[in-house]
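Let's talk through this one together, a question at a time. Have a look at the fold first, then we'll dig in.

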Amino acid sequence: MESAFVAQSDFLQYGDAEASKMQIGYGNYGCSHYRRRCKIRAPCCNEIFDCRHCHNDVKNGLETKPLDRHDIPRHEVTKVICSLCDTEQDVQQDCINCGVCMGKYYCSKCKFFDDDVSKNQYHCDECGICRTGGKENFFHCNKCGCCYSMLMKDAHRCIERAMHHNCPVCFEFLFDTMRDITVLPCGHTIHLECLREMEQHCRYSCPVCSKSICDMTGLWKKLDEEISATPMPETYQNKMAWILCNDCGANSRVQFHIVANKCLSCNSYNTRQTRGGPAASCPSRMTEIIS
């Protein structure tokens, strides 16, 4: 019994020591992007940075010559520097010198460290990077080439490599952005804060394909009322125009109105005029064709 008691005591001391290493310096190191207890040596320029985002911000800044600008190849990082003892070493979770844990979350594939595990980080092999939010809450769409919320699994519209492009508003690359992303009904992706900024400026169509980004039925009814209250001058009362609907893709020949032109197929006012309109804006022959 005595020997068993000693062995258990030793185990508890070992466990306490490991827990201590997990906590030493926790939350006191890192940068504005991540809390972590190490820095990285960039394999591209051999300089030391807190994280890859810090590197990219500096190396792509306006003060850097255009020909010298570059992003760090994140998967090629081989050396890290412990923030507590400054020991440079191969990429690993625990420092080989002082034994401190350099990141409670550690991914050997991405060479990624983060002490803030409340993000529920997980590595997606298909994406090839670490993501946040918990693996159980996301699925990887092979056609779109990215992870989406499980809530969208049976409802999202697939678009080839949907997130492998820049945000259509701010032009930041979406695939590995740290900001929240939303998927529009048309399937195109955009930063959530960029979408909200669009809405503040009364822009309700996708910047990529021009389809409506939400249910516009209420606005269409208001436009019906506005058009009824705004009769066209006699000169234009019988004027016809061809329109293309951005929502359903139908072409329609409608009575021209200066306020808006309604799609005859889906009743949307999200349309663009392709031919017709005021006679002064059209060649005489075209006027004869569309009148």
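Q: Which residue in β2 stands opposite arginine 41?

A: Keep in mind that this is a predicted model. Strand β1 covers residues 38-41, and two bridges join β1 to β2, with the two running antiparallel. Across from arginine 41, the residue in β2 is isoleucine 48.

Q: And on the β3 side, which residue stands opposite isoleucine 40?

A: β1 is also joined to strand β3, residues 79-82, and this pair runs antiparallel with three bridges. Opposite isoleucine 40, the residue in β3 is valine 80.

Q: In what order do the four strands of the open sheet come?

A: β1 has bridges to β2 and to β3, which puts β1 between those two in the open sheet. The pairing is antiparallel, and the order is β2-β1-β3-β4.

Q: Which strands stand at the edges, each with one side left without a neighbour in the sheet?

A: The order of the open sheet is β2-β1-β3-β4. An edge strand here has a single partner strand, so one side of it has no neighbour in the sheet.

Q: What is the phi of asparagine 46, in the turn of the hairpin?

A: The hairpin is formed by β1 and β2, with six residues between them. Asparagine 46 sits in that turn, and its phi is positive, at about 65°.

Q: Why do the buried residues of α3 line one face of the helix?

A: Helix α3 spans residues 192-200, and its buried residues are Cys194, Leu195 and Met198. Looking down the axis of α3, these buried residues line one face because they fall within an arc of 100°.

Q: Zooming out, what share of the residues of the chain count as buried?

A: The chain's secondary structure comes to five helices and 15 strands. Its accessible surface is about 17300 Å², with 50% belonging to carbon and sulfur atoms. Of its 291 residues, the buried share is 37%.

Technical notes:
Residues numbered from 1 in each chain as written. Predicted model: local features only at pLDDT ≥ 70, side-chain atom pairs only at ≥ 80, totals over all residues. Heavy atoms only, no water. Pairing = 2+ DSSP bridges. Buried < 20%, exposed > 50% of the residue type's maximum accessible area, 1.4 Å probe, protein only. Areas by Shrake-Rupley, 256 points an atom, 1.4 Å probe, with all protein chains shown as cover. Arc of directions from axis to C-beta.
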